[in-house]
Amino acid sequence: MKRILIIGIGAGDPDYITVQAIKALNRVDVFFLMDKGPAKHKLRALREELCRQHIKDHAYRFVEAPSPPRDTAPADYRACVDELNREKQGVFERMIEAELADGETAGILVWGDPMLYDSTIRNVEAIAADGRHPIAYEVFPGITAVQALAARHKIPLNRIAEPVALTTGRKLAEGFPKDVDSVVVLLDGEDTYRRFVDADVHGDMEIYWGAYLGTPDEILIAGKVADVAEEIHRRRSEARRTHGWIMDTYLMRRCGRAA
């Protein structure tokens, strides 16, 4: 039997990892990585540093394969993601067959937590269900960008006795959710918060934004959406040009009620 450990490694700081996840790292013989090009070199470097810090007296190796390309403006988003996941499953299957011996353990290091806007669990589950590769797998939670964002801004996500919604920029573009005052937004490539700068239309909104959370490149901005939206847009654009990629998230909520 081959074993796969899906390990949440946190939002970027090597200290954003649980003791349970550290123990899992020390069981891994080979780490599977998907190469997303030169712009994402820092992401691999952060993974390697995390392993150097936390793996003790245990031999391990990295195996890397090109990540399948993704259509950045698909006509059918769900169909595009489904196709991308099928291609990723094929990449993982080839690595399992060629690089993982019977009795060995592979690790897949997932930014944040594997349960939140990540398809690694779905992909490994599909491979296991297919039956061509006899594998068992486990999942280890990690510190999400959402948790890191709240900690770095020193705020609670929700108001007292009120819900908080987690959504994407794509869904937020359809409108601020009804009956919810606090919304955490991930995967927003279009600066959707800028649609809510007009207080006469949307009411006063505040935003707590963060990029590269837990890394030396971290950026934090907070304030009224009307006051800071253009600063966030400018800093975000500059950072993306500088690094070639960006990972950011934000909490946006209606003003005027006690936290």
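1. A salt bridge here is a side-chain nitrogen of Lys or Arg within 4 Å of a carboxyl oxygen of Asp or Glu. Lys and Arg count as positive and Asp and Glu as negative, while His and the chain ends are not counted. Buried means under 20% relative accessible area, with a 1.4 Å probe and protein chains only.

2. A word on the source: this is a predicted model, in which local features need pLDDT of at least 70 and side-chain atom pairs count only at pLDDT 80 or more, whereas totals for chains, interfaces and linings use all residues. Residues are numbered from 1 along each chain as its sequence is written, and side-chain values use heavy atoms, leaving out hydrogens and water.

3. Now to D113, which lies in the loop between β4 and α4 (120-130). D113 is buried but has no salt bridge, and R122, the nearest side chain of opposite charge, is 11 Å away. Instead, look at G142: the side chain of D113 reaches its backbone nitrogen at 3.0 Å. Beyond neighbours within four places in sequence, D113 is in contact (heavy atoms within 4.5 Å) with P141, G142, I143 and T144.

4. Which residues of α2 are buried? They are L43, R47, L50, C51 and H54. These residues sit on the same side of α2, because they cover an arc of only 95 degrees around the axis, taken from the directions from the helix axis to the C-beta atoms. They pack against α1 (19-25), β2 (30-35), β3 (61-66) and β4 (105-110).

5. Helix α5 (residues 145-153) buries V146, A148, L149, A150 and H153. Among the partners they pack against are β6 (164-168) and β10 (248-254). Just after α5, K154 takes a positive phi of about 60 degrees.

How values were computed
Buried means under 20% relative accessible area, exposed over 50%, partly exposed in between (1.4 Å probe, protein chains only). Helices (H or I, at least four residues) and strands (E, at least two) are DSSP runs, numbered from the N terminus. A polar contact is a pair of N or O atoms within 3.5 Å; within protein, one must be able to donate a hydrogen and the other to accept it, and residues adjacent in sequence count only if both atoms are side-chain atoms.
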